[in-house]
Amino acid sequence: MKTKIVTIIIFGLLITLQGCSISDSAMQERALSDAGDNAGEISRFLDRYDGEKKEAASYLIRGMIGQYAVSGFGLDSIENLYHQLPRPNRSWQFDSVQLASGKRYEKMLRRKTADLQTLTSDYLIRNFDDAWEQKEKRNWNRDLSLSDFCERLLPYRIGDEPLTEWRKAYRAAYDSLSDKIDSAPDAVSAAAIVSKALGEIHYNNKLKTPHRPATGLLTAPIGFCREDCDRTVYALRAFGIPVTIDEIIVSPDNGTPHQWCVVLDTEDNRFRMFDNDRFPPTRDSVHNDGRRKGKIYRWSWAVNTDRIKRLASIPDVPAELLSPRLKDVTAEYFGHNEAVVKTNRESGTVFLGLFTPDGYRPVDVADKNAGGEAVFRDIEPDLIYFPVTREGNGYSTCGNPFMLKSDGNVHEFVPDIARGERLTMKRKMPFWLHHTGRMSSVIGIRIQTGPSATGPWRDIDSISSMPAHSFHRIPVNMDYKERYVRLLPSPLQRSQIGEVMASVDSLVRERLPMTVITDNLTAGKKKLVDGDILTWTNYQVGYRDLVFRIDSDKDVNSIFIIPRNDDNYVVPGEEYELFYFDRNEWKSLGKKTAEGFDITYDVPANAVLWLRNLTKGKEEQVFICRDGKQLFNTDLRKIL
């Protein structure tokens with residue numbers, strides 16, 4: 001449906017504007033035409049203002065082309081489920097009954113209502129006057145350009161959410177911040193005040209919905225990065241702080257999309273990225289969140305007619321790239337650059353592709369030079385890309401993987417079979433960002449063993465550093481008389497534990513059954529011995545000790561503490577296959593069963609590699625070998 005809507009918008013604009021320059025007046029005429037019977041309401045709004053205000057009002061109306069809300073009984077019911085959280089145990093996750101209901105609600109019919117055909121002049125006037133009042137009130141907006149006001153403060157919506165009266169609602173909710181915000185010296189400092197008060201959103205991505213209502217996010221702050229960005233934008237704009245959202249369509253790290261907020265520093269007109277409760281906005285530096293990005297786009301209110309004219313005539317452009325409101329801002333992060341790449345296609349569209357476990361995903365469209373080479377402009381350096389073309393419902397490669405190096409040179413990855421390297425691998429996905437905190441959370445936990453549920457206890461180990469593998473082994477020598485293990489909580493921090501295991505060997509080849517026998521056992525604690533290392537529980541500072549009984553008479557060689565992790569490490573007994581990319585295809589270097597917590601292959605030099613776990617899982621990412629080390633995209637910026 002999204003593809004169809006985008007196509008209709010672009011096709012309609014091209015027909016309307018054919019043979020003339022794409023002027024503001026032509027766009028306004030198109031908006032009034034789209035309004036149909038509601039054109040009178042739109043005109044009443046436009047006629048209310050003059051001067052700069054009229055220019056801004058016209059900007060708002062032109063940007064309403066193609067804007068709509070999605071609503072329905074099912075979505076209302078899902079919103080009600082969000083407002084039932086947290087549950088009595090302070091969990092922001094749905095229970096089984098709530099989740100089952102939500103899945104039913106997801107399937108219910110939804111309706112789309114076009115803004116131009118439904119919004120009243122009164123709603124538009126209230127939104128406009130409030131935004132203008134905040135612009136005039138804030139000292140940091142004294143030099144704010146009219147276009148920045150129209151893009152960063154004025155819009156009444158972010159996506160396809162049902163509309164609400166959100167501006168005053170957010171100011172009322174955070175009224176205690178008013179004095180601090182009023183005295184903030186600049187927009188970035190004001191954004192830091194609001195960002196700290198907002199805090200991180202309660203993560204819950206179990207249900208797929210359109211954008212949530214602004215006031216719903218205020219009272220039930222639940223979701224993932226999209227919802228976190230949405231409520232941040234609402235809050236900052238309510239206080240007159242110019243802000244917008246940047247995004248990557250595909251992450252080079254894990255193949256998923258991601259969004260973050262950027263506040264406009266009106267002192268130097270630079271955008272400062274930030275994350276609530278983790279990375280506050282600051283004027284001292286341009287924050288980098290550690291993610292690889294590839295191509296970065298900023299959503300704009302205005303229809304990007306230049307982009308429409310460039311891409312509408314190119315066949316097979318996916319909807320994500322065809323959106324008329326995308327603006328390429330990659331150069332703001334990495335500077336302007338250019339990569340010229342040879343392909344094996346004389347005709348057809350060439351895209352800048354990123355590898356994902358589900359296939360190649362395009363993130364930009366190449367130009368062609370006089371020699372027929374693909375030219376990619378403004379991309380993140382030191383990253384593995386693939387030139388790709390459309391093939392059926394997916395994309396196939398049409399040249400060698402390449403990297404634009406920081407010095408401006410393009411490096412092609414052509415495997416050299418004659419120059420082999422020995423590579424030992426521990427993971428099939430990069431170790432990045434949030435993994436460090438999760439794996440480090442077990443630091444400070446003490447492990448003891450004893451002959452009964454009450455001891456006496458002897459100290460076996462205390463975790464003093466971040467585990468190097470998800471299976472953190474503690475060597476023990478427990479005979480049949482010693483059947484109990486006790487964990488004492490870390491005095492330093494909340495720990496996130498996925499599993500506690502006992503094994504007769506050092507490689508978990510024979511895991512022994514265990515039971516948690518701590519009094520007042522909660523359902524969460526049962527996850528510690530459920531056999532699934534992806535389920536996890538919090539072990540808070542001040543919690544009572546956890547006692548486990550080993551339900552076997554066999555001698556115990558090892559205790560394993562599994563921190564919360566993504567289960568993408570090499571695990572003994574599981575089967576793997578390593579591939580390298582050569583001449584437009586992936587070639588196998590053979591299958592192996594891991595004999596330990598890593599696996600070793602001889603690989604061609606200068607090859608892009610892909611390790612697959614044939615036993616379980618689907619998260620995988622490409623990497624290279626350099627001096628015997630496995631380097632994912634997350635590592636390349638540090639090394640090259």
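The dialogue below takes up a helix, a sheet, a strand and the nonpolar cores in turn.

Reply: This is a predicted model, in which local features need pLDDT of at least 70 and side-chain atom pairs count only at pLDDT 80 or more, while totals for chains, interfaces and linings use all residues. Residues are numbered from 1 along each chain as its sequence is written, and side-chain values use heavy atoms, with hydrogens and water left out.

Me: Which residues of helix H6 are buried?

Reply: An α-helix has 3.6 residues a turn, so residues three or four places apart point the same way. Helices (H or I, at least four residues) and strands (E, at least two) are DSSP runs, numbered from the N terminus. Buried means under 20% relative accessible area, exposed over 50%, and partly exposed in between (1.4 Å probe, protein chains only). In H6 (residues 96-106), the buried residues are Gln98, Ser101, Gly102, Tyr105 and Glu106. Viewed down the axis of H6, its buried residues fall within an arc of 145° (taken from the directions from the helix axis to the C-beta atoms), so they line one face of the helix. Ser96, Val97 and Arg104, on the other side of H6, are exposed.

Me: Against which helix do the buried residues of H6 pack?

Reply: They pack against helix H5 (73-82), where contact means heavy atoms within 4.5 Å.

Me: What is the order of the strands in the open sheet of 5 strands?

Reply: Two strands pair if DSSP finds at least two bridges between them. The order here is S7-S6-S5-S8-S9, with antiparallel pairing. Strands S7 (270-274) and S9 (326-328) stand at the edges with a single partner strand each, so one side of each has no neighbour in the sheet.

Me: How many residues of strand S33 are buried?

Reply: In S33 (residues 608-613), 5 of the 6 residues are buried, so the strand is largely enclosed by the rest of the structure. S33 pairs in the antiparallel sense with strand S30 (residues 575-582) over 5 bridges, and with strand S34 (residues 623-626) over 2 bridges. Leu609 of S33 is the bridge partner of Tyr580, and the bridge partner of Leu609 in S34 is Phe623.

Me: Which members of the largest nonpolar core touch the most other members?

Reply: In soluble globular proteins, nonpolar side chains tend to be buried together. A nonpolar core is a set of buried Ala, Val, Leu, Ile, Met, Phe, Trp, Tyr and Cys residues joined through side-chain atoms within 4.5 Å. Of its 70 residues, those touching the most other members are Phe45, Ile61, Met64, Leu124, Phe149, Tyr170 and Ile241. A second, separate core of 42 residues includes Val350, Leu352, Tyr385 and Met403.
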